[in-house]
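Work through the exercises below with the model open. Each task is followed by a solution in steps.

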Amino acid sequence: MKKFFLIVFAVLSLASAGLYWTAPEQQTEMPVLYWITQNDETKRETVRLFTEWRKEQGLPPVELKIDNANLDVTKKLAHGLAGVGADIFDTYLYQTELFASSGMYMDITEIAKEQGFSPVETFPAFRGDIMVNGRQYGFPRNAGAPVIWINREAFARYGIPEPPERWTWDEFEKIGTAFVNAANPPGTRQRSYFVQMLRPDIFRRGLGLSIFNETMTACVLDDPRNAEVMRRFYRWTTELRLVPTLAETLNLTAGGEMAGSGVFYLFHKGQIATMYIPRYAFIRLRPMGKIDLRVIEPPHSGFPNMAFSTGFIGVYKKTKHPEAALSFLKFLTTERFNMLVINSGDSLPPVPKFLSSEAFLRPVGLEDEWPLQEFFSRAAPSIGIGLSRSPFILSERIYQQVTGIESAVIDSVLAGQISPEDAGRIEEERINAEIASNIEKDPKLRALYEKLTAVQQKIDQRKAEGRPIPAEWITNPFHLTYYKAQGMLEEDDNS
Amino acid sequence: MRSKQPWRKLPIALLFLLPNILGFIAFILVPLVMSFGMAFTDWDLLRHNIFRDEPLRFVWFENFTTLLTHPRFWQFLGNTFFLMLGLPFAVAGSLGAALLLSRVGQAQHRFKPALGVAAAVMAVSTFMLLRGGMSEGGLWFLFGTMAATSLVVGVVSGGTLYRTLFYLPNFTAGVATYVLWKKMYHPTLGPINQGLQPMLEGLADWVRGMPGFFAIGLPMLACVAALLIVWWHVRRLRNAWDLSDAGMIAVTAGLLSVAVPVGMLLWWFGYSVQTAVLATVATVIVPGIWIGRRPQPWGKPREADKGLGTEVALALLLVPLLLLLSAVMVVGPGLPVAATAGLEPPNWLGDFHWAKPSIMIMVLWAAIGSNNMVLYLAGLSNISPELYEAADMDGATSSQRFWHITWPQLAPVTFFICIMSVIHGLQGGFEMARTMTQGGPAGSTTTLSYFIFSEGFQTGRLGYASAVAWVLFALVFGLSLFNFRYGNRHVD
C-alpha cells in the first residue's frame, strides 16, 4: 500500500510538472499575451497582422494567444477578480460598467491620448461605451449598428411589397401581418415570422422616451409612451405573431445563442422575412450562397433612430505585459486592422474615416453588396445613438440589473402576467430601488448623484418652461441627440 | 508489541487520509464557515475584491430581511416546491420500473416467443414507415429503431439490457440530457410536438364531431371523478380518526389536500381570491366538524399530529390529481371553440405556464431510472421468498401480495428515497434552468439553487447569495426533521 501511495504521489507530481512545462509561457522565449475572444478566421488573421505590425514598428515580438474558453462574462469577471484574468478581453454592449466598477480594467485615459487611441479616434457615439465617469477603459474593435435586413426573395414569393428605407410602426405592422398571413396559410402551423427579434430601447426612443432621464439619475419608464411600446410588443409577439418570443428565438437558433446560425439559415430560406442584426450578418450569409438583399432602418414612430454601440477591447489591470497589451489597442486604429474588419464582413470598422473608403463601399467581387455598404456607411453615423447607461446602476450586472429587470418585465408582459400599462411602473420602481440601494452603499456615488439630481431639477424646470437645455447638463446620449433634433438643445460654441 | 503497532501506523494512516482531510477542509469546511459569515455581510464582488479596498460591512440580518420581503424570493421558492410536486410520481415510477425489471428475468422464458414476434413486427413496421417517407426528419425512425433494437436485444440478453437502459439517464451527463430535451421540446421541429401534432389534429376532429361530450360530458365526468376522490378521502380520514390513526393536525392537513384544489378551481373559474380562500376554509371546516364530532373510541386520547406524515405524503399525490381534474373542468367547455381552428401543441419551454410542467416531465423521466430504481431493485431482492410462498398458499392476489408484503417490506427503502428526494428536490433545478431556460420565461423556472447562482456569480452579491443558501439549508433541515419525525413511523 505504501508503494502504491508513493507511486500515485510520484505520478501526480510528474503530471503537475508536465503540465507546467507544457504551458504556452514555457514553450517560448517571447511574452505570451492572452486575448479572450472568439476563435474564428478573422481573429486568427488579426493575430497574424498584429505580429507583423509589431515587427514593422520595431517592437519586441510577443505571442498573442486566443482564449475562447472563457468568453462567458461570469468567467471573465471571476478570473479577473481572482487575479488570473486574460491580458486583454473583448467587452460587449453593457459590460463596461461591470468591469470598470470591479476595478479590473486598466485606466488608459492618459496613455491613450499619448499613443493615439483616445475616444477622438472613433465614433462620438462610443464615448459612453469605452468610458465610465470620464475615464477611458478600452478601444473599439468594431462598431455595431443593428439594421433590418430584407430577404427580397421572401417578399417576392408571396407578392408582399417591400418596406421603404424609412418606415413607421404602422407600416411594419401592416406589411408584417400580410407576410405572416401569406407565409402561414390558415390551418397550418406557424413556421414563418416577420422578424426574429426587436429591442425596446429604439422603440421608446422613437417616441422621444429613454429608459433614464437626462442625467441618468432615475428610470422614467412609468410613462404612457412606454405602455404604448409594450402594447405593440405584446400585439406583435402574442396576437399577430410577427415576432417569436424570446424562448422561441432561442429555439430557432437551436444553440441557445441569439446570433446563432439558426436565424441566418431561416432568413436565408425566407422563413424569417427580415432580420434585425448588425453588419456582421455578411459573415454568416455569404457562405450560404447568393441571396437578393436590402438593408433598411428599424421602424420608427416619429423619431428615426438606431442603436449604435461597440464591442471593445479592455486591458486587464494586472496584466504582466502592459506594453504589449496597450500596443494592441493602438493596432486597432491602424488601416491594416480596419481593412480586415471591412473585408471580413464583420461590423463597421472602429475608425470612422474607413467607412468612406473604396474597400468598404465597393468591395471587389461583391458588387451586389455595394448598395448595402453605402447604406451602412450613411445610416449609422447619421441616426445611430449610443446606449443610455446610468453610472448609478450597472446596466448588466450580469443579468440582474437593468437588462435583467427589463427582460423579466417584458417576459411578464408577453406571458400576460402584467399589463403593458403596469410594465413601466414596475420596471421604474425596481430600477430606482436598485439605484437607491447602490448610492446608499457608496458615498462617492452618492455625492455624484446629489450633484446630478440638482442638475436634473434645473432641466425639469427648463422643460416645464419650454426653454432649451444646455448640452453640458445632459449625460444621456439619447437626449443630446433628441433635443438637438427638436431644437431644444442649447449648445455653446465649443460643444 | 501488539499495543505499539497501531501508533506506529498512525502517521502512515494520516498520510493516506490527508488528501481527503485537506480536501474536506479546503472545499467544504472553510467555505461552509465562510458562507455562514458572509450571509451577515454586504460582501459584493464588485466592491470588495483585490482591486478595490472598500471595507466589508457587517449588516446583521439585513440580507435575510431583504430576502424574505422580496417577492421574487417567494416566487422562486414557489417554483422549487412546484417542481417537487413531481416527486411522488417519480418515486412511484421508479418502484414500478424496479418491479417490472425484477420480473423480466422470471417471466422471460414464458414471454420470449411473444416478445420475439413483437420485436420483429416493430422492426419491420419501422422500416416500412421509413420507406414510405413517414419520418421526414428521421427522428421518429431513430426512436422506432432504438425501441425495436431494445426489444430484440432484450429478448436475447434478458433483463440486463433493460436494467442498463433504465439506468442510462442516471449516468448520462445532466447537461447533455438537458440539451437533448431542449431539442425535443422545440415548438415546431422537436419530435414531441411533431408527434403530438397529428394526435391533436385527430383530437380536434373528434372534438368538433362531439362538441356536446367535450363541452359538457367531459367536465362532468371530471367533476364526478373529483367528487368520488374527495368522498373517498374524507371517509378515509373519518375512519382513521375513528381508529385513532389520525389526530387533529393530520385530519386538517388531509382536508387541506382536497380544499386547496377546490379553491384553485374557483379561482380558475374567475372567482375572486377572497372567495377562493373562503371556499378552501369552508372545505376544511365543514367535513372537519363532521369528523371531529365523532366520539373517541375507547376513550383513548389522540396525539394531535398522529398520521401527519401519511396525510402529507398522500396530499402530494391527491393535490396534483385533483388539480388535473379541475383543469379538465375549466378547459373542457372551451375545447370545441378552440378546436375549430385546430389544436396546437404547447410551446413547452417558451410558455410561462408550460415551462415548469415541461421540466417536471423531464425530471420524471430521469428519476424513474435513477438510483431510486436501483435501491428498490436491491430492496426487492431482499424480501424473503417465503413471505410470497405463504401468501400464495393463502390464495393472495397480486394486488394483496403487493400491498401486504412488497410495500411494507420496502418501507425503509421508500423512507430513505423520500428523504433524499426531498433534499435533492429542494436543492435542484439549477442545471436545467441554466441549460434550458435561463430561469425564464418571466422567472417561471428559476429555483432557489439557480437564484443562489445568479445572485452569487452573475450579480456578485456574495453576502446575499449566502443568505439565500442558508435559508435553503434551513428549509432542507426542517423538512428532513419533519420526515424523520412523521415519516419513519411507517418504517418499522
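**Exercise 1. Chain B in outline**

How many helices and strands does chain B have? Then find how much of chain B is buried.

Solution. Note that this is a predicted model.
- Step 1: chain B holds 21 helices and two strands.
- Step 2: chain B has 492 residues, and 41% of them are buried.
- Step 3: turn to contacts in chain B between residues at least 6 apart in sequence. Of these, 74% join residues at least 24 apart.

**Exercise 2. The nonpolar cores**

Which residues touch the most other members of the largest nonpolar core? Trace the contacts of one of them.

Solution. 
- Step 1: the largest nonpolar core has 47 residues. Phe194(A), Phe212(A) and Ile431(A) touch the most other members.
- Step 2: take Phe194(A) and set aside its neighbours within four places in sequence. Its contacts include the aromatic residues Phe155(A), Trp167(A), Phe172(A) and Phe179(A). Ile175(A), Val180(A), Leu242(A) and Ile272(A) are also among them.
- Step 3: another core, of 33 residues, lies apart from the largest one. Its members include Phe126(A), Leu293(A), Phe354(A) and Leu372(A).
- Step 4: In soluble globular proteins, nonpolar side chains tend to be buried together.

**Exercise 3. A glutamate in a helix**

Is Glu173(A) buried or exposed? List what it touches.

Solution. 
- Step 1: locate Glu173(A) in helix H9 of chain A, residues 169-183.
- Step 2: its relative accessible area is 16%. The cut-off for buried is under 20%, so Glu173(A) counts as buried.
- Step 3: leave aside neighbours within four places in sequence. Glu173(A) then contacts Arg232(A), Arg235(A), Trp236(A), Leu240(A) and Leu242(A).

**Exercise 4. The cavity**

Which residues line the largest cavity?

Solution. 
- Step 1: one cavity of 30 Å³ or more is counted. The largest cavity holds about 40 Å³ of space.
- Step 2: its lining is Thr42(A), Lys43(A), Thr46(A), Arg141(A), Phe337(A), Leu340(A), Val341(A) and Asp346(A).
- Step 3: helix H3 (41-56) and helix H16 (335-344) of chain A each supply at least two lining residues.
- Step 4: the lining divides into three nonpolar, two polar and three charged residues.

**Exercise 5. The interface**

What area is buried between chain B and chain A?

Solution. 
- Step 1: the contact takes 43 residues from chain A and 36 residues from chain B.
- Step 2: the buried area is about 3,400 Å², with 55% given by carbon and sulfur atoms.
- Step 3: Leu46(B), Phe51(B) and Gln458(B) supply 20% of the area that chain B buries against chain A, more than any other three residues.

Methods
Residues are numbered from 1 along each chain as its sequence is written. Chains are lettered from A and ligands numbered from 1 in the order in which they are written. This is a predicted model: local features need pLDDT of at least 70, side-chain atom pairs count only at pLDDT 80 or more; totals for chains, interfaces and linings use all residues. Side-chain values use heavy atoms; hydrogens and water are left out. A nonpolar core is a set of buried Ala, Val, Leu, Ile, Met, Phe, Trp, Tyr and Cys residues joined through side-chain atoms within 4.5 Å. Buried means under 20% relative accessible area, exposed over 50%, partly exposed in between (1.4 Å probe, protein chains only). Contact means heavy atoms within 4.5 Å. On a 1 Å grid over the protein atoms alone, a cavity is a set of points where a 1.4 Å probe fits but cannot get out, and a pocket is an open set with protein on both sides within 12 Å along at least five of seven lines; lining residues have an atom within 4 Å of a point. Grid points are joined across faces, edges and corners, and a volume is the space filled by probe spheres set on the points. Helices (H or I, at least four residues) and strands (E, at least two) are DSSP runs, numbered from the N terminus. Ala, Val, Leu, Ile, Met, Phe, Trp, Tyr, Cys and Pro count as nonpolar, Asp, Glu, Lys and Arg as charged, and the others, Gly among them, as polar. Buried area is the accessible area (1.4 Å probe) that two parts lose on being put together, summed over both.
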